[in-house]
Amino acid sequence: MNRFAVVSGFLGSGKTTLMMALTQQGIRDGISVSMISNDLGNQSLADHRYASLSGCPASELVGECICYQTENLVERLRSLYEEKGAKLVLSDIPGFGVGALEHVYHTLHRDYPSCCILAPFTVVTEPERVRQLMKDEAGDLAYLLDTQLVEADLIVLNKRDLVSEDELKEMCGYLEKKYPEAQVLAVSAVSGEGLHGLLQVLTEQEASMHRPDIGYGGEAFQASMSLISEYYQQYHVSVCCDTFDGNAYLKDLAQAIRESIREKGADLPHLKLLAFSEDGDYAKADLLGISREIELAHTFAKPCTDLGVMLNGSALYPADELDELISACVALVSENYQLEVTSFKKECFGMG
Ligand SMILES: Nc1nc2c(ncn2[C@@H]2O[C@H](COP(=O)(O)OP(=O)(O)OP(=O)(O)O)[C@@H](O)[C@H]2O)c(=O)[nH]1
Ligand SMILES: [Mg+2]
């Protein structure tokens, strides 16, 4: 029977990259894997566009968490199983989300029992966040980081390529002890290490359907949500000459936003900056907080003239000020490159 797995996990832990890598691993292992990107913006999402540009079998559910659009989710699952031949569908939820175990798994189990087999409830984390939990340095994020892991049947410690074997062992040991109900697997979505084993677990094991008390809607939940703002913008830039370096533009923009956020004493756990040209060429930069290096997960092969740009992210900063700050950076950096900017979609709102 057809399978479905929720892929939860904190902002920037690598859910999208991992789901994309699993669709490719599926091709190698002879299993048809499809992915759904879910986020709160009403417009098309950077994650979905990025996965599509990369050639992955991808679709999106926008506007609200899949926790609150079960009928749309079931309809999408049916079409992916019946029309696209998917055997395993993976869907993420917004990266600060908790509660999908109850709101998605238990709802599907109760109301749509014949829709699919529920694969282990999967939560992705990364070394940087595990380190924070181990050292009790997660601060305002402690409730969300911990609660997401409490919901897991399967904890995927992603980005194993970034740590030594010794550190990895220590982190897995910590996670196994702290979350004894969950199985822990270390993988790298980028190098591919551990993906075959992960896909095996997702296609052979089933969700435990445990029901931990996560204090959903309670004081700690409200306090965490009130810190978070969401940002979705799409605009278009054009330049007269054909020497515009789209890669450098994205990196400069990410750097400018990072410096502005840092100056304000705020943080921005993940901002995705995706740019694409009409001929299908694209680049993606990731801003992962104020202290990490800015990474380009994909780069343009040649200079550009016209680009669509999508900025999607989540910050620990009030929405109106975030909007002002990012808009100022877009204006400044675009001017430095002598670009003409046409903004056509923008949403910025707080989660409190
Ligand atoms: N080194 C390394 N980097 C990775 C790995 N997986 C993902 N990344 C990088 O981590 C960053 C965030 O990855 P995403 O897949 O966008 O993270 P996400 O969990 O989907 O983030 P949100 O959509 O904000 O919740 C990107 O720069 C990725 O290239 C990995 O296995 N190793
Ligand atoms: Mg993502």
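Student: Let's start with burial. What share of the 352 residues counts as buried?

Tutor: Keep in mind that this is a predicted model. The idea is to count neighbours: a residue is called buried if 20 or more other C-beta atoms lie within 10 Å of its own. On that count, 46% of the 352 residues of the protein are buried.

Student: And the overall build? How many helices and strands does the protein have?

Tutor: There are eleven helices and 14 strands. The radius of gyration is 20 Å, close to the 20 Å that the globule rule gives for 352 residues, so the protein is as compact as a globular protein of that length.

Student: How do I read contacts along the chain?

Tutor: Look at how far apart in sequence the partners sit. Take contacts between residues at least 6 apart: 77% of these join residues at least 24 apart.

Student: Now the strands. Are the residues of strand 2 (residues 33-38) mostly buried or exposed?

Tutor: Mostly covered: six of its six residues are buried. Check the two faces in turn. Val33, Met35 and Ser37 lie on one side, Ser34, Ile36 and Asn38 on the other, and all are buried.

Student: Which strands pair with strand 2?

Tutor: For pairing, follow the bridges. Strand 2 pairs with strand 4 (residues 88-92) in the parallel sense over four bridges, and Ser34 stands opposite Val89 there. Strand 2 also pairs with strand 3 (residues 58-61), again parallel and over four bridges. In that pairing, Ser37 has Glu60 of strand 3 as its bridge partner.

Student: Let me try strand 6 (residues 122-125). Which of its residues point one way and which the other?

Tutor: Thr122 and Val124 point one way, Val123 and Thr125 the other, and all of them are buried. For its neighbours, strand 1 (residues 3-9) runs parallel to strand 6 and is joined to it by three bridges; Val123 is the bridge partner of Ser8. Strand 7 (residues 154-157) is also parallel to strand 6, with four bridges between them, and Thr122 stands opposite Leu154 in strand 7.

Student: Stepping back, how is the protein divided into domains?

Tutor: Into domain 1 (3-221) and domain 2 (228-350). Their centres, taken over C-alpha atoms, are separated by 26 Å. The contact takes 16 residues from domain 1 and 19 residues from domain 2. On the side of domain 1 that touches domain 2, you'll find seven nonpolar, five polar and four charged residues.

Student: Last one: the ligand. Which residues come nearest to ligand 1?

Tutor: Start from the shell, then ask who is closest. There are 22 residues around ligand 1, and of these Gly14, Thr16, Thr17, Gly95 and Asp286 come nearest. Helix 1 (15-29) and strand 12 (295-298) are the elements that give two or more residues to the shell. Helix 1 gives the most, with three residues.

Student: What is the shell around ligand 1 like by class?

Tutor: It has six nonpolar, ten polar and six charged residues.

Student: And which domains does the shell around ligand 1 draw on?

Tutor: Domain 1 and domain 2 each supply at least three residues to the shell.

How values were computed: Residues numbered from 1 in each chain as written. Chains lettered and ligands numbered in written order. Predicted model: local features only at pLDDT ≥ 70, side-chain atom pairs only at ≥ 80, totals over all residues. Near = placed C-beta within 6 Å. Nonpolar A, V, L, I, M, F, W, Y, C, P; charged D, E, K, R; others polar. Domains from an automatic or database assignment. Buried ≥ 20, exposed ≤ 12 C-beta atoms within 10 Å, placed from the backbone. Pairing = 2+ DSSP bridges. Contact = placed C-beta atoms within 7 Å. Rg over C-alpha atoms; globule rule 2.2 N^0.38 Å.
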